[in-house]
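Me: I am new to this structure. Please walk me through a few parts of it.

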Amino acid sequence: MTQIKDIGEQGILEKLQRFCPPGMIGDDAAVLLTSPEKSLVVTTDVLVDGVHFSDVTTSPEDAGWRAVAANLSDLAAMGATPMGITIGLALPGEVMVSWVERLYQGMTECLQKYNTVIVGGDIVRSPVTTIAITAFGQVHPQRIIRRSAAQVGDAIIVTGVHGASHAGLQLLLHPELRQNLTNAEQRTLITVHQRPQPRLDVLPILWQILESYSPSHHPPIAGMDSSDGLADAILQICRASGVGAILQSSLITLPGSFQHWLTPEKALEYALYGGEDFELVLCLPEVIANHLVTTLGESAAIVGTITTGSQVVLQDKEQKKREKLQIFRGFQHFTH
């Protein structure tokens, strides 16, 4: 089995060039053409072996997919369409060449789904395997989604289900938890963790609905993705916008399999604080929000309302229990 140190930097670069479009690699930098009247959106995400991925929970292909999906999800959270990515790869010399090729295969599989390509990068030696991806996208200035744009009275929309990725991770780390789930249920939860789907598919639908209400001037769109947890996303939006929120716990969509092995309290904890679901959290005027949820069907739900003040509370179905959300309860670097 060939290791990175056996073929060196130029050798591994030569092998990885086949994952890039012909003619794109070879100069000191990539050149990307943006459309007129579009803004360039740039995001960077760093993933470290043992923190964001490991051989226990992800194959090289899955690690590559997840690395790309995290960046594309950030673009979706800004309303941007992806154009390309660059990859910074730090590797110990003992890493197998085949591992790196499989990593790039997973990246390519995710990128192809969203018509995006690898346009460059860098490779260095390091004691710890680290993947740093910078993604480039473009968006019309009027369609930029910002955390600071939430307005009092907006409905809070959440796409997809929440808690599934954390559940999948727990099943991978603790196989004994699988006994109460069917093979299909296990596979579904694990796949959500290993192969998250950035919600770029929501954007064209959102733009079409906005155009139908106001072709010349869109209302402000607030939002972000839920990669650090649903609670974190809503709290970050409210803090940036200077508003509060009331969430209805009964409206948060959970995986159906949760009822087989998690208490309602634990299921809600997974949904709010588990993280890495890579769904969108959007704040829109109520009439537009209802239209979007109706169009997306089971893929979205209105879970609350933006309010005055700064308090963000969770309310149960009977509206008897109110609980303040905790911003530092989800994953935070340097505190775990």
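Me: How do the axes of α7 and α8 cross, and what does that make α7 to α8?
Reply: This is a predicted model, where local features need pLDDT of at least 70, side-chain atom pairs count only at pLDDT 80 or more, and totals for chains, interfaces and linings use all residues. Residues are numbered from 1 along each chain as its sequence is written, and side-chain values use heavy atoms, with hydrogens and water left out. The axes of α7 (residues 230-241) and α8 (residues 264-273) come within 4 Å and cross at roughly 50°. Angles under 35 degrees count as roughly parallel, over 145 as roughly antiparallel, 65 to 115 as roughly perpendicular and the rest as oblique, so α7 is oblique to α8.

Me: Is Ser241 buried or exposed?
Reply: Ser241 lies in helix α7. Its relative accessible area is 17%. Buried means under 20%, exposed over 50%, and partly exposed in between (1.4 Å probe, protein chains only). So Ser241 is buried.

Me: Which backbone nitrogen lies 3.1 Å from a polar atom of the side chain of Ser241?
Reply: The side chain of Ser241 reaches the backbone nitrogen of Ala149 at 3.4 Å. At 3.1 Å lies the backbone nitrogen of Ala150.

Me: Is Ser227 buried or exposed?
Reply: Ser227 sits in the loop between β6 (222-225) and α7. Its relative accessible area is 16%. So Ser227 is buried.

Me: How far apart in space are Ser227 and Ser165, C-alpha to C-alpha?
Reply: In sequence, Ser227 and Ser165 are 62 residues apart. In space, C-alpha to C-alpha, the separation of Ser227 and Ser165 is 9.8 Å.

Terms used
Helix = DSSP H or I, 4+ residues; strand = E, 2+ residues; numbered from the N terminus. Polar contact = N/O pair within 3.5 Å; in protein donor to acceptor, adjacent residues only side chain to side chain. Axes fitted to C-alpha atoms, helices over the stretch in contact; angles between N-to-C directions.
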